[in-house]
Amino acid sequence: MAKIIGSALPNIPWQEPPANTRTPFWRYDANPIIGRDGNAHSNSVFNSAVVPFKDGFAGVFRCDSLSISMDIFAGFSKDGLHWDIEDTPIHLVGDDPEVTTREYRYDPRVCYMDGKYYVTWCNGYHGPTIGIAWTDDFKTFHQMENAFLPYNRNGVLFPRKIQGRYMMMSRPSDTGHTPFGDIFVSQSEDMVYWGRHRFMMGAAKGDESAWQSMKIGPGPIPIETDEGWLLIYHGVINTCNGYVYRIGAALLDIDEPWKVKYRGKDYLLAPHELYECVGDVPNVTFPCATLTDAATGRIAMYYGCADTVTGLAFTTVDRVLDYIKKNSF
Ligand code: BMA
């Protein structure tokens with residue numbers, strides 16, 4: 001039995017699995033949990049991140065507006081299922097207007113570390129790069145330097161220092177819909193200067209795992225287990241009807257997390273339900289956060305559906321690790 005290393009979370013949202021599950025995740029039966037009208041001016045609410053906060057949960061949500069501008073908004077929930085999302089974007093403070101000036105903000109992740117909640121997101125700065133801010137109250141967010149030069153997306157922190165350094169995954173990209181993409185790990189002493197870049201893994205070659213053959217990108221904050229870091233990520237194939245986004249998993253070395261121990265050949269969750277296949281961008285499942293309960297091994301995953309609404313799905317650490325170990329490449 002694999003163990004999650006972390007805190008117990010007795011109030012994790014949860015439903016028992018249906019009798020027959022071929023793939024490790026099963027969906028919440030009242031999905032989607034957040035509709036496109038999640039706040040007063042939203043066209044869509046998706047690709048969003050949640051964490052335990054006080055006696056409930058808090059999160060940073062991607063809400064595209066009715067004019068289709070992209071920004072990030074704080075939200076709060078007692079049960080992780082029903083969310084109150086603010087109507088005004090999160091307030092970012094910082095000394096340098098060159099950094100804080102908003103172009104666009106999307107696809108947030110939230111990582112709890114050393115008493116602070118670090119938010120990373122795709123930040124417009126002459127093209128997409130990775131923005132970083134921290135908060136301790138989900139009211140004031142202190143914006144730090146952008147981590148990388150443009151163009152980059154999917155900046156995802158590891159939830160503790162490894163070998164004395166902060167580590168962050170990312171996916172170098174272009175200014176458009178990026179028809180390529182591999183995952184790298186970058187390291188930092190201070191969360192300002194990032195270097196020691198290491199290649200982790202790339203898009204799959206040929207048809208060895210075709211659902212992830214065009215590009216991949218890290219999803220939620222990795223989950224620490226006694227066997228290594230469990231990484232949930234998205235993989236993309238290009239089809240005659242456009243890109244299709246599915247969800248996979250890999251197990252990474254605990255001290256050198258760019259070393260991949262197992263990488264699942266089969267996907268874990270894919271756009272099969274109507275709300276995942278039909279929406280503003282059809283056929284997209286895009287994971288940005290998990291909640292975990294170290295006492296039971298339960299995992300609840302929040303994922304964007306068709307770039308329109310937010311879904312929730314459940315699994316356990318054992319199911320995922322068994323699945324990827326049985327059929328790894
Ligand atoms: C990516 C990002 C994601 C989005 C996906 C599918 O490039 O923009 O936010 O979910 O495309 O449209």
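Contact means that heavy atoms lie within 4.5 Å. The views below show a predicted model, in which local features need pLDDT of at least 70, side-chain atom pairs count only at pLDDT 80 or more, and totals for chains, interfaces and linings use all residues. Residues are numbered from 1 along each chain as its sequence is written, and side-chain values use heavy atoms, with hydrogens and water left out.

View 1. Q15 is placed in the segment before strand 1 (26–27); strands (E, at least two residues) are DSSP runs numbered from the N terminus. With a relative accessible area of 19%, Q15 is buried, a term that means under 20% relative accessible area (1.4 Å probe, protein chains only). Residues up to four places away in sequence aside, Q15 touches W26, R27, Y28, D29 and F314. With D29 there is a polar contact between the two side chains, at 2.8 Å. A polar contact is a pair of N or O atoms within 3.5 Å; within protein, one must be able to donate a hydrogen and the other to accept it, and residues adjacent in sequence count only if both atoms are side-chain atoms.

**View 2. Surroundings of W211.** W211 is found in the loop between strand 14 (195–201) and strand 15 (215–218). This tryptophan, W211, is buried, with a relative accessible area of 8%. Among the residues that W211 touches, not counting those up to four places away in sequence, are Y233, I237, R246 and K265. A polar atom of the W211 side chain lies 2.8 Å from the backbone oxygen of K265.

View 3. A polar side-chain atom of N47 is 2.9 Å from an oxygen atom of the ligand. For D107, an N or O atom of the side chain lies 2.6 Å from a ligand oxygen. For D307, the distance from a side-chain N or O atom to an oxygen atom of the ligand is 2.6 Å. The ligand taken alone exposes 310 Å², of which the protein buries 85%; accessible areas come from the Shrake-Rupley method with a 1.4 Å probe, and for residues only the protein chains shown count as cover.

**View 4. F138 in the largest nonpolar core.** The largest nonpolar core has 37 residues, and W83 and F138 have the most contacts inside it. Such a core is a set of buried Ala, Val, Leu, Ile, Met, Phe, Trp, Tyr and Cys residues joined through side-chain atoms within 4.5 Å. Neighbours within four places in sequence aside, F138 is in contact with residues including V51, F53, A74 and Y117.

Key. Buried means under 20% relative accessible area, exposed over 50%, partly exposed in between (1.4 Å probe, protein chains only). Helices (H or I, at least four residues) and strands (E, at least two) are DSSP runs, numbered from the N terminus.
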